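Please read it alongside the coordinates.

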Amino acid sequence: KIYEWMEHFAYRYADIGVVASYHDKQYVCSKYRISRGKIEVLYNYINTAIFHPTNCEKYTDRIIFVGRLDSQKNLFSLLDAVSETEFTLDIYGKGELRDELERKVRKLNIEVNFMGVVPNHELPQVLNRYRYYVLPSLYEGMPKTLLEAMACGLVCIGTDVEGINEVIEDGVNGYLAKGTHPEALAEVIRKATRLPHDFVTAEGIRRVRNKFSIKTVVEQEKKIIVNLIA
């Protein structure tokens, strides 16, 4: 209740509120009855000078996930989905659910590698070894690892939930599952991995550079500040 009051006070009496996605803007305006004109969207940015495609040999039989190992990421459903495919899943990240996830892997008898955490500056090199990236979350804000994978030219697969569907347009720059359950995830993985992917990856790279690059976001932030000063 205290946090809600502080948030409400901050948005109502600030000159401008800034959030990371249009879903966040809708939430703030609806919950606190704030004028839409007072809330600006400033996307998370990535450094496209670092996150970009490189010419290297790629795994053809593996899918990569990068993120926290917690309930939001819906990883148990992802494990069930992977068990219905012939792919190996490489999980980068750490979190409270690792032990439970490892037990699930042993129960399903599937190929899953827990790779731990890598520094962010090493992540472009890691991502470029893969062809497919998956984010099976139940909800997101503005997922930076998705933007990083898309910028590196991976075929990006996600659930059709807030945050993810603001980045991925199904069949255009990635693929969205028709649900968060294992069957929907397995179906979209099979679909994404059997279709030609040159157009999808090229569109993904273009969209990240145009909307989520540090240069683009800095220019947007500059306009917000100039308007406030004026």
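1. The axes of helix α3 (residues 75-82) and α4 come within 10 Å and cross at roughly 20°; axes are lines fitted to C-alpha atoms, for helices over the stretch in contact, with angles from 0 to 180 degrees between N-to-C directions. That makes α3 roughly parallel to α4, a label for angles under 35 degrees. On the α3 side, L75, F76, L79 and D80 meet E100, L101, K104, V105 and L108 of α4, where contact means heavy atoms within 4.5 Å.

2. The model is predicted: local features need pLDDT of at least 70 and side-chain atom pairs pLDDT 80 or more, while totals for chains, interfaces and linings use all residues. Numbering starts from 1 along each chain as its sequence is written, and side-chain values use heavy atoms, with hydrogens and water left out. Helices (H or I, at least four residues) and strands (E, at least two) are DSSP runs, numbered from the N terminus.

3. Strands β4 (residues 88-92) and β5 run parallel and are joined by four bridges; pairing requires at least two DSSP bridges. I91 has F114 in β5 as its bridge partner.

4. Buried means under 20% relative accessible area, exposed over 50%, partly exposed in between (1.4 Å probe, protein chains only).

5. K191 lies in helix α7 (residues 182-194) and counts as partly exposed because its relative accessibility is 31%. Leaving out residues up to four places away in sequence, K191 touches D170 and Y175.

Terms used
Parallel < 35°, antiparallel > 145°, perpendicular 65-115°, else oblique.
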